[in-house]
There are 2 protein chains.
Amino acid sequence: MNFSFELLVEDKYTQARAGLIHTPRGDIPTPVFAPVGTQATVKTMTPHDLRDLGATLILSNTYHLYLRPGAELIADFGGLHQFMQWHDPILTDSGGFQVFSLEGLRQIDEDGVTFRSHIDGSEHRFTPEGVIGIQEKLGADIIMAFDECPPPDDYDYNVAALSRTHRWAERCRAAQRRQDQALYGIVQGGIFADLRAQSAEFLSSLDLPGYGIGGLSVGEKKAEMHKMLEIMHPILPRHKPRYLMGVGSPEDLFECVARGIDQFDCVLPTRIARNGAVFTHQGRVNLRNARFATDREPIEVDCQCYTCRTFSRAYLRHLIVAKETLALRLTTLHNLHFMLETMRRIRQSILDGTFTDYKKQFLETYRPIPEERRGGIGRNG
Amino acid sequence: MNFSFELLVEDKYTQARAGLIHTPRGDIPTPVFAPVGTQATVKTMTPHDLRDLGATLILSNTYHLYLRPGAELIADFGGLHQFMQWHDPILTDSGGFQVFSLEGLRQIDEDGVTFRSHIDGSEHRFTPEGVIGIQEKLGADIIMAFDECPPPDDYDYNVAALSRTHRWAERCRAAQRRQDQALYGIVQGGIFADLRAQSAEFLSSLDLPGYGIGGLSVGEKKAEMHKMLEIMHPILPRHKPRYLMGVGSPEDLFECVARGIDQFDCVLPTRIARNGAVFTHQGRVNLRNARFATDREPIEVDCQCYTCRTFSRAYLRHLIVAKETLALRLTTLHNLHFMLETMRRIRQSILDGTFTDYKKQFLETYRPIPEERRGGIGRNG
């Protein structure tokens, strides 16, 4: 096995951890934020851009790549790394979240899920074995077990789904053939403490190389998410990475790192960028706003990204209003830089023993979007 | 005056010329192809990308910038170079072509044109003096006279429009205040030899620093365009740059350089890129075509652009089919590289005395789009 997790430092005051995920394609310093490249591309970014931004892991999606361009085709090209020309680590999600989101277009049974493509309505079937087979063809460094993703607040549904997710995790493990991919299990259980504990215990017993935490990016309250993380923390194995799927916002990075999370992915920085919204240390701002029409400052004066080193808010607003696609790229670039740079600083502060100070300092100025205005954004892509 | 044209070499066998346009912002080696940045951005490209591509001149548009974000705002930012952060030479077209294209939304009189904005229907007026004032606010290095752009095959209309265009050119020259901008006149006259000769003679008498040639990018036959160029060639002053507006395709570069043209701009490479079409030395191909689905080759094996050095046709086709905006950027990058690199080779071949050979070699393999399938694409943007 070419994959391991090296725990370097555990914070004294919180559950924050700094480490290294060793993979055949190099080390991933943790905690890590992975930009989302659903369709074998992080929207608007070249691999060169992503490397410049310092991304060390990106995410792509089994469901989307299976449908288009197809796993066989990608395998024929030597795998996803070759196909998209990103030679650092990649994680593929299993497609569990995506097929369960196809409300009305999918049927679940004990063996798997039959669903219709959102592209052309054609019928397909995912089973735990099939999904592992697809992910082995895609060839990512980290692959995810196939799981069922029920609404987080439906207890009875979560009970039933959880045992199936556990049986599927075992089947995924049994189906795995390649030794150069780390298979993560996915803890489910909605917002229910007993189910989360039960799931964390069961999956820990499988001794997998890492653990995803699903079902916490779909609109539940932040306090509930934090409580679930606190419940799972002492149960999940200390020397395995913990990946909070589909999370999060800048404030989530701090709050969830403080609760033991090592790995994140989220479409937020790329998705809001496409609407003209950008991260600042005061919170999100929308550059479309008329008050930026004559603003000579960059998005953030101290930011070292190409967008901020080069362009005024007024110019960026002009591009957005004029519907120029360059706007999407420049705002995406800034938002990814913001997330990756914030994560680098979080990691350094853990290593330095100053995480609590940095967290406090960041959250003092950063104003999150109010909870009632924030919907779930779902797991990657 | 900080602007001059240095003629370095005239080809022995054709009218091809190689030279340098000296401007306050540096030299433009000619013949030159200028990428089009209608709205203060060459679509999908950063200034950094354009510099990497070796662009030495870009074009922007008075009509579009006047409407949005406004010439005053750009002036407040220190001009277009500062606003868009492109510090090499810029040319602004006068908006003549754009307002005359607003069929039904504009009224022409001797003094100028009243028109409605294509954005919000608001009423505006362009006069020669007003357009020079706007271009002085924008601050491009090369600015264009305000001209009337009639249908190229309507003789009577062209006669009337031509004398007005000439009076407007004189008014533009009289209105000019800034000494650091080169004002080009625009030769009109449709596809009529007598009118083209008359226009070239009149404008030459004004002793302007350069000459645009308008009205030859709107769907007339190639043979007619070539004939017009041949008629104007001996009349236009030898030591002034000649700019064929809104042209052209790769084959046009060769045919029109051979007829004495020094300067080109065209939306073609950026526009077709957005439909998935790319230039190759065999002609245009559309990457959307299913035959590229499994194609491991780059667009062109010998091409040195980032797209060709990095990605397969299959990957590019995947991005196009999946409607990923990265596709637009990668195809635009290749097409601009193709045009700029072809123009660099044309220039070198003129300097080396091998232009005719290079032209023959290029046109032997390059298959243009058949004339009957080719519409006019109009002057920039």
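Reader: How many residues of domain 1 of chain A are in contact with domain 2 of chain A, and what does contact mean here?

Author: Two residues count as in contact if their C-beta atoms, placed from the backbone, lie within 7 Å. By that criterion, 29 residues of domain 1 of chain A are in contact with 26 residues of domain 2 of chain A. Helix 10 (250–257) of chain A is among the elements that supply at least two residues each to the domain 1 side, as are strand 1 (4–10) and helix 1 (47–53) of chain A. Helix 10 of chain A gives the largest share of that side, 5 residues. Helices (H or I, at least four residues) and strands (E, at least two) are DSSP runs, numbered from the N terminus. This is a predicted model: local features need pLDDT of at least 70, side-chain atom pairs count only at pLDDT 80 or more, and totals for chains, interfaces and linings use all residues. Residues are numbered from 1 along each chain as its sequence is written, while chains are lettered from A and ligands numbered from 1 in the order in which they are written.

Reader: What are the bounds of the two domains of chain A?

Author: Such bounds come from an automatic or database domain assignment. For chain A, the assignment gives domain 1 (4–270) and domain 2 (273–365). Their centres, taken over C-alpha atoms, are separated by 27 Å.

Reader: What rotation superposes chain A on chain B?

Author: Two copies of a chain are related by a rotation about an axis and a shift along it. Superposition is by least squares on the C-alpha atoms of residues with pLDDT of at least 70 in both copies. Here, a rotation of 180 degrees with 0.0 Å of shift along its axis superposes chain A on chain B (RMSD 0.0 Å). The two copies are thus related as by a two-fold rotation axis. Of the residues of chain A, A:T325 comes closest to that axis, at 3.9 Å (C-alpha).

Reader: How many residues of chain A are in contact with chain B, and which helix of chain A provides the largest share?

Author: 30 residues of chain A are in contact with 29 residues of chain B. Helix 13 of chain A provides the largest share of the chain A side, 5 residues. Elements giving two or more residues to this side include helix 13 (313–321) and helix 14 (326–352) of chain A. The copies meet through the same surface, because 97% of the interface residues of chain A are also interface residues in chain B.
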